[in-house]
Amino acid sequence: MKVNSIINRYVFKELIPPFLINLFFLSLIFLLAQILEITNLVVNYKVSLSSVFLLVLYSMPDFLKFTIPMSVMMAVLLTYLRMASDKEIIAIKAGGCSIYHLLFPTFLFCLIGFALTFGLSVYGLSWSKESYKRIVSDIATQGVDAAIKERVFNDAIKDIVFYVNKVDIKEKMLYDVFIEDTRGGKTRSTVIAPKGKRYISQEGSSEFIMRLYNGTIFRVNTEQKTVNTIKFDTYDVVIPIESAQIKTKTPGKGRDEMSIEDLKAFIADKTNSEEQRNAAMMELQEKFSIPVACFTLGLLAMGLGLKSAFSKTTSGLGLGLACFLVYYALMGFGWSSGKSGLVPPELGMWLPNIAMGVMGLFIFVRVADEKPVGFEFVGDYIRTFIHSVKERKKRPSA
């Protein structure tokens, strides 16, 4: 028992460094894509450093729920590959410790990854999505306020030019407003009003409204060469905010922002279409299936790492990455088939875990019992291919 405890502590400690390294680099890759959107906000709206920090913080749960299972798998794979190549697995077996004993530190490590992913998926994701949308909406509102300047022709918004002679910031009133709107293609609209008011139409909306009073609209059709003049008492000019970062174009929560209770209520509401309810069911199942991937991918990685045919880091790592891509391909298939009703929505998101879990269990049991897995030819083929390439390079050119 004492020997096993020493081995368990040793294996668990060996799993931590590759996990942290993989988590850092994988998260950095995902974060780079998000940085492009945040940079757009910084350039267009002069966002403060504190707001940038919050935007990065709120965007992290969205990709950490994927990078944590990825990092768990790669950490387990790399650790056992190294132990196998350094003959440590042979030493452990020679000391009378079965391969099955190594399941305990691996299971504990996967359990920690499961807890982290589950917390992010079930609780952190909906909170971060709402917080991200709220802060971006605030930034956009501040950007609109900054864009509306006195006695300046503003063309920051595509196909719209507006001019305001005087701005009352406290009351959000606009005086002597001129707007040229060319969004109608061949019809151009020019709006003139002595006063108006600016406000965001709805929380989280991607547009704001200029409500003008007692003005005139001049509409010119360049194709028909006609001009129409319209007098109005109240007229709303809907202007889109140039911000692709505002995710929700309509009021209410998106499915990825809903809590478990919200998703259950959405699914139970028969007024929603079957496709919408299936998508909500898939979203609900995803909150549980992705954390479980820490176990299924971890078990698969353990079997691959221990397999002598893949004891070389290059071939084992390549196979691990291939299995990981297969997992997410199965996830995409499960999502589309479950949403369309091809398979039950409750089952769609669990197909990758079932497939990888069965494969991982099969490989691990065969390796632990020192029996052939049945696809040793893959490792042999990779080594033969690499050897043939090296031989070709050595041959003198004709």
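**Exercise 1.** Is Glu180 buried, partly exposed or exposed?

*Solution.* Start with the ground rules: this is a predicted model, where local features need pLDDT of at least 70, side-chain atom pairs count only at pLDDT 80 or more, and totals for chains, interfaces and linings use all residues. Residues are numbered from 1 along each chain as its sequence is written, and side-chain values use heavy atoms, leaving out hydrogens and water. Next, the cut-offs: buried means under 20% relative accessible area, exposed over 50%, and partly exposed in between (1.4 Å probe, protein chains only). With a relative accessible area of 27%, Glu180 is partly exposed.

**Exercise 2.** Find the residue that meets Glu180 in a salt bridge.

*Solution.* A salt bridge needs a side-chain nitrogen of Lys or Arg within 4 Å of a carboxyl oxygen of Asp or Glu. The partner is Arg188, at 3.6 Å from N to O. Arg188 is partly exposed too, at 38%.

**Exercise 3.** Which parts does the salt bridge between Lys65 and Glu286 tie together?

*Solution.* First, the closest N and O atoms of Lys65 and Glu286 are 3.3 Å apart. Then place the residues: Lys65 lies in helix H2 and Glu286 in helix H6, so the pair ties together parts 221 residues apart in sequence. Helices here are DSSP runs (H or I, at least four residues), numbered from the N terminus. Finally, check accessibility: Lys65 is buried at 5%, and Glu286 is buried at 11%.

Notes:
Helix = DSSP H or I, 4+ residues; strand = E, 2+ residues; numbered from the N terminus.
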